[in-house]
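Subject: Structure handover

Hello,

Here is the structure I promised to pass on. Please open it first, then read my notes below.

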Amino acid sequence: MELVKDSETESMYLARIQLTNESRPVEYKYILKDEDAIVCWETIPGNRIFNEFSGLNVAKNKASSQSSIHTTSDGPHPGDRMSSLGNNGSRNGFFEWNCCRTTRETSPWWQVDLEKIYPISSLCLWKALTHHEMPREPASFGHRWKTWNTRQPRIWIFISTKPLVGSLESLKQSAIDSKIYGRRLEYDASIDDRVHVLKFCDAQKPEISDRSSLKVDIPGQFVRVQIESESSALQFAELEVYTRESIDEKEALFEQDDGIFAIECSPEGSLLPRMDHGWLDPQSNKVELRLRIGSLDYLSPAINWNIENQGDVRLSLTLLQRRSGITSMTSAHEKVAWEESLLRAQGNYSVHAESPGLLGNYKSFLSKKDAPLYAFLNHLDLSVYNQPLTPGNGTSGCVESLSQWMSRCSWKDLIRPEQLQRLCAAIKVSNYEPNDVILPYGERIPTMWFVRTGVVDLYGPETTDGSNLLRSLNPMECFNELALFGTSDRKCASFKARGFVSCEHLSQRTIIDILGLEGFSKCRSFLVRELSSQKKHLHLEQDSSDLVLKDHLGYIFKVQLPASSFSSSETDSSFRLRLDFHDEKRYVGSSYIFPSQFTSKTEGTLRLSIIGMDDTDNLVESAHHTQFAGEISVDYIIIKPFVHADNNIKNVWRRYWRERPPLNIGHRGMGRSFAQVDGFRHALFRENSLASFILAGRSGADFVEVDVQLTKDQIPILYHDFTLKVGLEDQHAWSKGTRSEECELGIHELTLRQLTRCATQPMNHGERPRNTGMLRKRIQKHWKTIIGGKYLKSNGHENGTLINPDASNSKGPEGNHPAPRPSSDGILHDLSAYESLEHLVDFFPLLEDLLHYVPAHVGLNIEIKYPDSFYRKQLRELQFFELNRYIDAILTSVFHHAGPRRIFFSSFDPHVCMMLHSKQIKYAVFLLSCGSLECIKSRNVCQTLQFALEFAQLEQLQGVVTDSKTFLQNPEMMDYVKEAAPKLLWMTYGDQNTSFDAFQCQKKHALDAIISDNIGDLIRKERKLLNHRK
């Protein structure tokens, strides 16, 4: 890339790219690299697209129609999914509200009128990849048990010079008679393939008509997309119809302004940069070394001094790497063979046992009278938040209307005076009655409001116990300014009229119509730069290369090194690390870390001696005499890259989580089946079973929490405890009156075959295993209820076709029977046809089966079970639990079988969270925490809420999943943590979440999700009460 312009604030680059005239659009994104290492990359949903060489898109904004219109009440954009969404120029099919959609019907269709006959050279049909925005199962899904890898219905394309009317069969017959053009699209099973491309100038063999074999364009004015199915919904993002009338076939030069790095160019895109970093690229051939200084056991300090020191002791960490061409055989006099580079810490976190920092900030938070308002208003200028332009604040010239506010806005200088006058004239006035909702919770409406009269109240999410009143807006105040030009990170709130309210408002559509796209883009770019400068001013990075060592603080360093540095053949010190200590007056000492000190283990603790000079007045003698100054403990973890074809930056979603009402998550499916809180019933199905997950999804759970660990043969299974009781004689012994000899064994000591053949019983629950035969019969009897509704009629060979062509040869858990898969319409119609239903009632279901059988709209919270370093230290040190191999085995199964399903990982172990965040960039990572305010008894500071908050921010995790006990004892703590860490998501689990009152209390305080063992009853009661209120 060529640097065209450079300044203190921004740089402009020009990239010249030679593209071949291929049949597919080019999808790309920008990344920042430091030599060969990727520093950061864009995470714009849908990436950037170039498709200009295809010709002129003649279908854009033309009149279109469809067989029916799907209507949804789900945010952030409820309403009709009209046919105009299918040719409005937006190719982003990742968002459901950007796609046209019909209701579920027989052979639905969508059609566009090009207004005149064009020689059509190609079509691009952009798919609806809305898996990241799956709503609670909408009515259009009906009773379909739909998994991501369900075979998709056939898609037909018809082109004609006359209006297309009639049934699908009649159109197919017309295509056979060469009256119109008709062709069936071959479905691409790749989940990342966003577009169907159909070229008419190639020599491909047609499906029906033989016109596509001719190297001529297809004349047409009407284009129809239709699905061949008895019951399906047609949904896609965009249909582009291209003609090459104005394109030079031999040579064409295109210019495209890509705007600002990491900023979406579309009007509805984010105004803040969408970027990510912190990924260990598998192609870099490097490993990541993490060093932690600061013990997680508050009774074992990380540093012990042997000398008296005055003042604060500071630490600096230096990496010394051997220069290229220099080896261990280099002569001793070549002391300059090492290159030094000072490492900076990522930051610090608290390792205090009593969380004084969090409690002190919490008390300060409680002393505030009102919550800060600026986070909800969605404004640009921070001064507006502190000094609203109202008659009572002493500002000269009070703003009394939206037009006066516009004359003072920061972007008005970019438009012409007549345009400003037209904008002021286009302002509308709306009157609201008491309790009318102006801006619903979690919805994105590209409109700005100015309160003329009355009071507008801001409320939290709606619950059965009402909503929390957050703040109020008085007359002459405005809100939702930034929504005129895109989306931003604002806190969710519902804006309601307290009494009779009159508001002036202006919409984004009006601004685009008056300014045009070019003028709108100028104003939008200006706002992007303004927001970036504010963020830069508010979050200036501090120099952390020289750190003050304190007992209650921990620091993390990370560095990427060549993979060969840790191999057995490279123990000749290809690098080394030096820790230097000094106080305010003198040099204290140094410690060294060599590659040979890192054993074959992935993680460990190094005890390093600090060697310094003698404390003597004779500088000459002190230079030749050293002393033992102290000892420091340094924890390390070596992270190796996760190699998989899909582990790349093509589509990354771990940073995407839009504002929405709190989610409902089922704990281990429908809840615990062995130990439950007094007063609440056990789950109907065994926990961590496929039947329990499916039923939780049917009950309305947005996500289900699953516990994953590995068997002895490295197969991921779903089970919570690390050990279980095993009867080695016969798995039917307990059920037939006899009792086998019990042995307590670990899951890691048994293969999958042994687990499925031996009689097993969970530990410490005192219950005999349930009768799987009876459970299997009940599932078969009530299968209609589990999947909902009635079966579809058989449709010949289609209903008998398995999703996976090789599924007929796959074996079940015991290797005797094929594991059934849903049919082409996504339903297991006849369960009695299969001899085995162990995939539904198996005590140890495979993670692979979970990803295949649970309905696609149900998200997964995959908790990785791993022995902790306090209570299961000996288990953790076994070679089986080598962390890189352990995590890679689970990630491999997820990347192979998850498809586009919504997934996030969680773990109680900080090292597991580090690895998950560094190894992959597709799925979000959450830290699990006990959420306690002190850890005097456990000694493990990882269990404190303060550690979780600071560590998650330090590692830039997506959020924290904590026990709800502390939050319910101190409800205002929920508001505090969301303000202290606004970028983190907060979820809770715990025994208290089985209570409906506790469930609603946490939703009232706008937590992002609640995990419950009583999810079915809670959702059912919540729906009943909300419907009654409405």
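Start with Asn 285. It is exposed, with a relative accessible area of 56%. Here buried means under 20% relative accessible area, exposed means over 50%, and partly exposed is in between (1.4 Å probe, protein chains only). Asn 285 sits in the loop between strand S19 (275-277) and strand S20 (286-293). Its phi is positive, about 60°, although it is not a glycine.

Before you go on, note that this is a predicted model: local features need pLDDT of at least 70, side-chain atom pairs count only at pLDDT 80 or more, and totals for chains, interfaces and linings use all residues. Residues are numbered from 1 along each chain as its sequence is written, and side-chain values use heavy atoms, with hydrogens and water left out.

A word on element names. Helices (H or I, at least four residues) and strands (E, at least two) are DSSP runs, numbered from the N terminus.

**Backbone**

Most residues other than glycine have a negative phi, and most peptide bonds are trans. Ser 178 has a positive phi of about 60°, and it is not a glycine. Look for Ser 178 in the loop between helix H1 (168-176) and S15. Ser 178 is partly exposed, at 34% relative accessible area.

**Salt bridges**

Side chains of opposite charge can pair when their charged atoms come close. How many salt bridges does the structure hold? There are 37. The cut-off is a side-chain nitrogen of Lys or Arg within 4 Å of a carboxyl oxygen of Asp or Glu.

Take Arg 194 and Glu 27. They form a salt bridge, with the closest N and O atoms 3.1 Å apart. This pair links distant parts of the chain, 167 residues apart. Arg 194 is in the loop between strand S15 (181-185) and strand S16 (195-199), while Glu 27 is in strand S3 (residues 26-28). Glu 27 is partly exposed, at 30%.

Next come Arg 81 and Glu 96. Their side chains meet in a salt bridge of 2.8 Å, N to O. Arg 81 lies in strand S10 and Glu 96 in the loop between S10 and S11, so the pair ties together parts that are 15 residues apart in sequence. Arg 81 counts as buried, at 3% relative accessibility. Glu 96 is buried too, with a relative accessible area of 10%.

Then find Lys 1004 and Asp 465. Their salt bridge has its closest N and O atoms 3.5 Å apart. Lys 1004 lies in helix H21 (residues 996-1004), and Asp 465 in the loop between strand S28 (456-459) and strand S29 (469-473), so the pair ties together parts that are 539 residues apart in sequence. Lys 1004 is buried, with a relative accessible area of 19%. Asp 465 counts as exposed, at 55% relative accessibility.

**Helix packing**

Two packed helices are described by the angle between their axes and the distance between the axes. Axes are lines fitted to C-alpha atoms, for helices over the stretch in contact, and angles run from 0 to 180 degrees between N-to-C directions. Angles under 35 degrees count as roughly parallel, over 145 as roughly antiparallel, 65 to 115 as roughly perpendicular, and the rest as oblique.

H21 packs with helix H22 (residues 1015-1029) at an angle of about 70°, with the axes 10 Å apart. H21 is therefore roughly perpendicular to H22.

Now see helix H18 (residues 945-954) and helix H20 (residues 972-980). They pack at about 25°, and their axes are 11 Å apart. H18 and H20 are therefore roughly parallel to each other.

Asn 98 is in the loop between strand S10 (79-81) and strand S11 (100-101). Asn 98 counts as buried, at 9% relative accessibility. Asn 98 and Asn 88 are ten residues apart in sequence, and 9.3 Å apart in space, C-alpha to C-alpha.

Best wishes
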